[in-house]
Every structure is written in C-alpha cells, then in structure tokens.
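Hello,

Here is the structure I promised to pass on to you. Please have it open while you read my notes below.

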Amino acid sequence: MTSTLRDAIYALRKARLGLERRRLDYGAETDERAERLAAVLPASVSELRDYEREYDDLEWFHDSYADRVEEIHEAGVATDTTHWRDGATLYVVCRALEVETAVETGVLFGSFDAHILAAMAENGGGTLHAVDLPGGPPGPFEYGHLIPDRCRDRWRLHRGDAREVLPALLERVGPLDLFLHDSDHRLPHMRFEYETALSRLEPGGVLASHDVRLSRLFDRFTDANGLQSCVVCDTGIARRPR
C-alpha cells in the first residue's frame, strides 16, 4: 500500500471518528468507567470510584490545569487535545496500579502527561518518559505545557521519531508499569508501538491507547495477545496477564 493511499484511509477514519464522537454519550461512558476498569484492573469498583472522587477533589491539579488551558484558549489554539475525561481514566489506572515507570508517545500540550504525573505525585513516586517529534505544539507553547510545576520533575522528554527512539528507550528504562500510545494513529505505526511496548511491560502492566475508535486494531491486538481490555470514552486499557 502506498503512503498516499494510507494517508487517505487515515483521513477517512478520522472523519468517521468525528461522527462517532458526536453520537457517543460521554456522560454514560464516564459513569461506567469504574465498572469497566474493574474488569481489567486488580481493584474493585468501590476502590476505583474512590480514586475518581480523589481526582475530582484534587484542587492543586485542577487549579493549575485550568489556568494553563485558559492560556491555550487565549492564544487562539484549538483545545481538543485537552482530553480531561480520558485523562481522568489514566489517573485512576495509575493510582490503582501504583505506576512507577511509564512511557508515553505523543505529548503535544501534555494533557495525558499531566494526569499521569498527578497520579504519580499522589502515589509518592514514579517517572514518566515522553516521546514526541522535534518541534512543539501549536502556538507559543512548549511540549507539556499543561503539566503542573508540582510534578514536572518526574517528567523526561525525549525528542525524535518513536520508531527510532522507542526501542532503545524501553531497553534503558526497564520493565514498564504503563505504556500509552497517543502519537501517529496510522495502523502500521500503532502496531509497531503496541508490539514494541508489549514485550517490555511488567506482568500485570497496562498497555493504553488513545483514539482507539479510529480502527479495530486495539481490539484485535489485545485479543490476539490474550490481554484483558476495555474502552472508556476514547481510550483503550489493556492489562498483561501476571
């Protein structure tokens, strides 16, 4: 398949995702988060709801996050990358698993980075390694603009193409508690990241992926590899068996 055809197929998938998002009941998705995650994670619905309430009450995080989102608004930059619902899901996952070592691809403003790092701050430890291309997000901002100062010291940014950076990075940082894909959502790249990360996950570790409704790849990959999984809003969560 040529790159032009692959790009055209990806554009069609993105258009379909936009239509699906308009139909999706995000309120119901959020209400069912704890039940869906409890089928994957070693935590009860009650414990997961406690983490949801903890997130809702995390004033130091929400104050900083809201201020930084407002800065993006004021700059006239689109904010459809500040996915707080999916961020809350990752916060709950990281609290439930007490994640210490995580790797994410695709930073941009750092919405998911901020939520993962907030959970690590509440856990009392952990490091998030983030990978993105040279450059930065739109507007006068650096990668990870949404990350609060309070937890920024736990963040390590690695610039470069994930195909070049990821294998050596995963080898260096050791077994992972969490891997999050949110970079190039074209199928060959997603498959590369899933396959590369899976072998580096700790038993019981989580493979997470954003925008999984773009295709069936996440479902097919998790089924083929025997991973328990669920989807909440636009994020897939799969756990490697112990």
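A charge sits over a ring if NZ of Lys or CZ of Arg is within 6 Å of the ring centre and within 35 degrees of the ring normal. Arg-163 meets this with Phe-192, lying over the face of the ring at 4.7 Å from its centre. The charged end of Arg-150 likewise sits over the ring of Trp-60, 4.3 Å from the centre.

Before the rest, some background. This is a predicted model, in which local features need pLDDT of at least 70 and side-chain atom pairs count only at pLDDT 80 or more, while totals for chains, interfaces and linings use all residues. Residues are numbered from 1 along each chain as its sequence is written, and side-chain values use heavy atoms, leaving out hydrogens and water.

The mean pLDDT (the predictor's confidence in each residue, from 0 to 100) is 90, and 88% of the residues reach 70 or more. Please treat residues 5–15 with care: the pLDDT there is below 50. Beyond near neighbours in sequence, that stretch has 11 contacts (heavy atoms within 4.5 Å) in the model.

Now the aromatic rings. I count 7 aromatic pairs; rings of Phe, Tyr and Trp (its six-membered ring) pair if their centres lie within 6.5 Å, with planes under 30 degrees apart called stacked, over 60 edge-to-face and the rest tilted. Tyr-55 and Tyr-91 make a tilted pair, 5.4 Å centre to centre with 50° between the planes. Tyr-55 belongs to helix H4 (residues 45–56) and Tyr-91 to helix H6 (residues 84–97), so their pairing ties together parts 36 residues apart in sequence. Helices (H or I, at least four residues) and strands (E, at least two) are DSSP runs, numbered from the N terminus. Both tyrosines are buried, that is, under 20% relative accessible area, where exposed is over 50% and partly exposed in between (1.4 Å probe, protein chains only). Together with Trp-60, Phe-61 and Tyr-65, they form one aromatic cluster.

Tyr-194 and Phe-218 form an edge-to-face pair, at 6.2 Å and 80°. Tyr-194 is in helix H9 (residues 187–198) and Phe-218 in helix H10 (residues 217–224), so this pair links parts 24 residues apart in sequence.

In H10, Leu-217, Phe-218, Phe-221 and Thr-222 are buried. They span an arc of only 120° around the axis (from the directions to the C-beta atoms), which puts them on the same side of H10. Arg-220, Asp-223 and Ala-224, on the other side, are exposed. The buried residues of H10 pack against H9 and strands E5 (201–210), E6 (228–232) and E7 (235–239).

Best wishes
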